[in-house]
Amino acid sequence: MNVAIVLMKYNPYGGYERQAALITETLVERGDAVTVFAGDWKGGPIETAKGLKGSLVFHKVPVVRLSSWLKVLTFALRSRREIENSSTGFDVIVAFDRTLKMDIYRAGNACHKEWLAYRKRHNDFMDRVSVSTNMLHRVINTIEESIFKGVNRGDIKVVVLSKSGKEQIERFYTVGEKPDSFVIIPPAINLKRLSGNSRPRKKVRDELGIKESTLVLLHVGSGFKIKGLKSTVGALAELVKRGVDVKLIVAGQDKKETARLKTLCLKLKVSERVRFLGGVTDVVSLYGAADIFVLPSNFETFGIVFMEALYMGLPVIAGRGAGAAALIEEALKSGKKIGKVVDVPAAPSVLAESILEVAKAERAFERSGVIELEK
C-alpha cells in the first residue's frame, strides 16, 4: 500500500509528531511504501526505518516562515500541490495537521474554535484583543471549515483521540450523521521506546542533584500554560511550606512560559527545587527517577504522557481538561489506585493536597519523613 503522511513538522518532543513517527515506522515495518510530506524533520523514523520491509521517503514541503499564519497557510496550500504533483499514486493520505488534501484527518487538536472559546472564558481582555487581530486564527478556522465540509460530504474520515474531541467538533461544525465519519482512537504508546534500557534511578537523580529521600514530581510536555505548570509550581511551593522535601522536574519546550515560570519560582523561593530541562529524548529515565507524574492540564485533547507514566508505574495527577482524564476516572471508580483527577485551573493548595494524598497512598513519603510530619 502507498501511504502519504502529512504534517507541518516533526521533532522528537511533540506528542502528535511522535505519533506520526510511530505510525510511519509501523507501516514501513509491515512492508508499506510511505511518503512523509513535511515542512521540517528533525530525527525520527527516517533513521530507524532503515532495513525494514517497506520504503520511506521524506518529501520537504516549502513554506513561508515570515509569520505564523503565513507558515500555516503556505503549508496547507503547498502540501496539497506537492501531493497532487507527486508521481506516486497514493492509496490513502493521512493528515496530522490542518491541510487541504487528505482521506483521513487525525484531529489531534480536535477543534481550534473550542480552544479559542476556552481562551475567551479564561484569559484577560488583552488576550481577547490579540486573538481577534491575529490572522493565524482566521487561517486555521478557514482550513478547518474546509476539512469538516469534506467530512460532511463523506470525503474525509476523522480520527479523534477521545469522546470529548468529537463533541468539540460537533459543537462548531455540521459533520453529517454517517456512523463511520468519526473513529475514536486514543494515541498509541510506543512500547519499544518505553521498554528500552533506561538509566538507573540513582544515576539520573545524582545527575540532577536530587537525593533518593526527596519526593520527585515530574511534568512532561510542551505548552506549559495550557498544561497547568503554573499550578504545579504553586503546589510545590505549598508543599515546601509544609516541610516536604520535594523537587519538580520539567521536561518540555516553551520559551516564553519558561521565562515567566522561572520568575515565579524566584518569587515563591523555589528556584532551586525546579529543574527546567527543555526537550528531552530520554524521557524513560525521567519516569524512572520520579515518584509522581503531575500534569493538571487545563485543555488537552488527550494526553499520551499520562498513559506513558502509568505504563512506567507512576501514579498520575491529571487535570480534568485532558481527554485522558475520563479514562483515568473510570479506572479510579473501578478501584484502581492509579492517582487522582483534579478540577482546572487547579488551585495550588488543592493540587498540593492531592499530591500529599497520592504520595501517602503510594507510601512515597516514607523516605522523606513526611508521613511522620503529618501525624
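I began with H219, which sits in strand β8 (residues 215–220); strands (E, at least two residues) and helices (H or I, at least four) are DSSP runs numbered from the N terminus. The model is predicted, so I noted that local features need pLDDT of at least 70 and side-chain atom pairs count only at pLDDT 80 or more, while totals for chains, interfaces and linings use all residues. Residues are numbered from 1 along each chain as its sequence is written, and side-chain values use heavy atoms, with hydrogens and water left out.

**H219**

I looked up the accessibility of H219 and found a relative accessible area of 0%, so H219 is buried. Buried means under 20% relative accessible area, exposed over 50%, and partly exposed in between (1.4 Å probe, protein chains only). I then listed contacts, that is, heavy atoms within 4.5 Å. Not counting residues up to four places away in sequence, H219 touches F224, K227, L229, L248, I249, V250, A251, F293, V294 and L295.

**F299**

I found F299 in the loop between β11 (292–295) and α13 (304–311). F299 has a relative accessible area of 12% and is therefore buried. I226 is 73 residues from F299 in sequence, but the C-alpha atoms are 5.7 Å apart in space. I226 is also among the contacts of F299, together with E114, W115, Y118, Q168 and G321, leaving aside neighbours within four places in sequence.

I checked the length of helix α3 (residues 68–85). The expected span is 1.5 Å times one less than the number of residues. The buried residues of α3 are V72, T74, F75, A76, S79, E82 and I83. I noted that their cover includes β1 (2–10), β2 (33–41), β3 (55–60), β4 (92–95) and α6 (135–153).

I140 lies in helix α6. I140 counts as buried because its relative accessibility is 7%. Apart from neighbours within four places in sequence, I140 is in contact with V72, R98 and H112. I also took the distance from I140 to L208: 68 residues in sequence and 40 Å in space, C-alpha to C-alpha.

**Cysteines**

I searched for disulfides (a pair of cysteine sulfur atoms within 2.5 Å) and the count was zero. C111 has 0% relative accessibility and so counts as buried. C265, at 2%, counts as buried for that reason too.

**Cavity and pocket**

I used a 1 Å grid over the protein atoms alone: a cavity is a set of points where a 1.4 Å probe fits but cannot get out, a pocket is an open set with protein on both sides within 12 Å along at least five of seven lines, and lining residues have an atom within 4 Å of a point. Points are joined across faces, edges and corners, and a volume is the space filled by probe spheres set on the points.

I counted one cavity of 30 Å³ or more. The largest cavity has a volume of about 70 Å³ and is lined by Y16, F96, D97, R98, Y105, R106, A107, G108 and N109.

The second largest pocket holds about 390 Å³ of space. Its lining has 25 residues, with S162, S164, A322, G323 and A326 nearest the centre. I noted that α4 (112–122), α7 (163–172) and α14 (324–333) each supply at least two residues of this lining.
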